[in-house]
Amino acid sequence: MMRIKALALLAAYCLCITPALSDKLYKLKEFKPDVSYTAASYSFEFLANEIVAESYDANGHPGYILVASDSADNLVISTWQSDQETPVDLVDRGKARSVSIAKIDDTHFITPIIDGDNKLRVMLWKITGNGTITYRGFRSGPEVTEVTSASSGSAAMVVAQRKNGTLFAQAFKLKQAEDIPTEKALHRRGIYEFAGNADQLALSDGTANLLAFRDSDGKLRITRLRKRQDATVIERGPTWVAGAIQKATITAADGNPNGRWITLTTSEGPSEFKTGHRCWGRTIHKEPHGRGKLIEWDIGTDGTQNLRRGAEREFQGSGGVAKEVAVEVIGNGNFLVSSHLGFDTFCKRNPKNRGKQRMEVHLWKHAGTTYDKDASGRINGKYYDVSIAEFHPIRNYDANFVVALIGENQQVKLSIWGVK
């Protein structure tokens, strides 16, 4: 493991933006980190193929973690505090793709990835109060093609797709380490095998985890996973089948096993959006982008434990075109924030009016059977991956979060936002 010191250079800075709908959402800054390998005495831009962001609160020092597969397919983990432009720590460790992260407690997290032999590798890390991370070992698994993970009470849940297309879920807990009795090691627990093929996996945090995935018919399926008997047994609850999708992501609206969850999906593209500016009502150019859709889910109270579909909102207009999506509930459950990669406008017939690519951020408020936009912001540019993580509020904001992006030439960009 190579220890790395990182320096962040400010590429573009903006104290705030005027939100599109209300004075609630503010972009505080954005920057492109430069990474410096101290031991080798050279530096290079932070480039990545995939990136995932997650919040942490180690010993009362809140911040966020970035887990990335860099441009050479190496696992790179960095820790950040609030809106600082220099990461606290940054390490790399071997080949990795399909990266994910899940917290087990305030000072330990796992990074399940696909390693250089195409096998599942679940790595355990310890994080100190100042953001320093230490590798604590790993557990290996079978050959897989996709993996996701989430916090699951005092454990972590990992869901992966085998190379034959079927899924399995496995729980991991902490145990006393044999090499250093004062430290923790990773303990493999119960496993659940799914029937049928699936991909586009997304898993919510919580004492019970809600799994969203695309089935063999291309449709969204939602199912609940619950641990029993100290995580040695995993039970699968009833499943809800929805419409055809391309991508899916999910967030827990609260930590209650019978609580609420929200999915953000993209429909099967290309979409049939009507455009505005100079397009005369024609549909968009035929590119493989769908429409974003928010759907709320909860558990029935009739004793059946069936999933129920609640409020939903399909994105409208050219700005609703989405190719990658992220969604989080932040501010102690008070704010629902989404981000998607799309376009400002699109015109099929006139190429010069097909619009600029951009990242959009929206705050949403529950409005009966739907969701209404409460505030919006954007960053222009062409991006390929997006992730959101909350961190402890700074200054006089009610909530703060980071949007992690991968732009052209695999350049990582971090965008800091505040909510009032």
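Colleague: Hi! Which is phenylalanine 31, buried or exposed?

Modeller: Phenylalanine 31 is buried, at a relative accessible area of 1%. Buried means under 20%, exposed over 50% and partly exposed in between, with a 1.4 Å probe and protein chains only. This is a predicted model, where local features need pLDDT of at least 70, side-chain atom pairs need 80 or more, and totals for chains, interfaces and linings use all residues. Residues are numbered from 1 along each chain as its sequence is written, and side-chain values use heavy atoms, leaving out hydrogens and water.

Colleague: How many aromatic pairs are there?

Modeller: The count is ten. Rings of Phe, Tyr and Trp (its six-membered ring) pair if their centres lie within 6.5 Å; planes under 30 degrees apart are stacked, over 60 edge-to-face, the rest tilted. One of the pairs is phenylalanine 31 with tryptophan 80, tilted, with 5.9 Å between centres and 45° between planes.

Colleague: Why does that pair tie together parts 49 residues apart in sequence?

Modeller: Because phenylalanine 31 lies in strand β2 (residues 25-37) and tryptophan 80 in strand β6 (residues 74-80). Strands (E, at least two residues) and helices (H or I, at least four) are DSSP runs, numbered from the N terminus. Tryptophan 80 is buried too, at 0% relative accessibility.

Colleague: Which residues form one aromatic cluster?

Modeller: Phe31, Tyr64, Trp80 and Phe391 do.

Colleague: New topic: what is the order of the open sheet of four strands?

Modeller: The order is β22-β23-β24-β25, with antiparallel pairing. Two strands pair if DSSP finds at least two bridges between them. The edge strands, β22 (324-330) and β25 (370-380), each pair on one side only.
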